Amino acid sequence: MSDLLYQAEAVVTDYWRGRLAEHCAGGRALPRVTHMAFGDGGHVGSAARPAPAGRSALFNERLRVPIASKTRPAPTEALLIAELVAADAPGMAFSEAGLVDADGGLVAYRTMAPKGVDVGEVYEVRSKPRF
């Protein structure tokens with residue numbers, strides 16, 4: 001059993017909006033969201049960096065983990081959960097997270113105050129983009 005470490009609404013990126021528009025116009029199928037990426041570049045000192053929709057990558061990605069579960073809590077929301085294991089990120093204090101699709105594109109992005117994971121612990125990290 002894991003503890004909930006963090007849940008946040010994420011900004012849907014321009015990349016994903018473009019893929020959705022292309023799909024709606026009869027273009028390529030949408031790739032599945034497969035991973036959550038974590039990095040330590042979401043803060044500079046005590047100030048959070050902005051999370052604009054134009055981001056195409058994390059500022060400083062350090063770890064990418066598979067999505068553990070996906071749900072749809074409301075008609076315009078998706079809730080994706082990943083498990084962050086301390087052994088995979090020793091000593092890391094993450095301050096940014098992003099959802100990544102099967103093509104490697106950044107689907108949604110969020111910055112936050114730095115958060116660490118203690119040795120021997122597993123935490124759920126939830127990201128909820130709203131469409």
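**A walk through the strands and cores**

Phenylalanine 38 stands opposite leucine 63 in strand β5. Strands here are DSSP runs of E at least two residues long, numbered from the N terminus. What you are looking at is a predicted model, in which local features need pLDDT of at least 70 and side-chain atom pairs count only at pLDDT 80 or more, while totals for chains, interfaces and linings use all residues. Residues are numbered from 1 along each chain as its sequence is written, and side-chain values use heavy atoms, with hydrogens and water left out.

Let's start with the pairing. Strand β2 (residues 33-39) and β5 (residues 61-71) run antiparallel and are joined by five bridges; two strands pair if DSSP finds at least two bridges between them. On β5 there is also a link to β6 (residues 79-85), again antiparallel, through four bridges. Here lysine 70 stands opposite leucine 80 in β6.

How far can you trust the picture? The predictor's confidence in each residue, pLDDT, runs from 0 to 100. The chain averages 85, and 90% of the residues score at least 70. Confidence is highest in β2, at a mean of 94, and lowest in β1 (residues 3-12), at 62. Over residues 1-6 the pLDDT is below 50, although this stretch has 24 contacts in the model beyond near neighbours in sequence; a contact means heavy atoms within 4.5 Å. Where pLDDT is low, the predicted coordinates should not be read in detail.

Now to the interior. A nonpolar core is a set of buried Ala, Val, Leu, Ile, Met, Phe, Trp, Tyr and Cys residues joined through side-chain atoms within 4.5 Å. Buried means under 20% relative accessible area, exposed over 50%, and partly exposed in between, using a 1.4 Å probe and protein chains only. The largest core has 24 residues, and Met36, Phe38, Leu84, Phe94 and Leu99 have the most contacts inside it. At least two residues of this core come from each of β1, β2, β5, β6, β7 (93-101) and β8 (106-116). Another core, of five residues, lies apart from it and includes Ala37, Leu58, Leu106 and Tyr109.

Histidine 43, in strand β3 (residues 43-44), counts as buried because its relative accessibility is 18%. Aspartate 103, in the loop between β7 and β8, counts as exposed because its relative accessibility is 52%. Not counting residues up to four places away in sequence, aspartate 103 touches Tyr15, Arg19 and Pro31.
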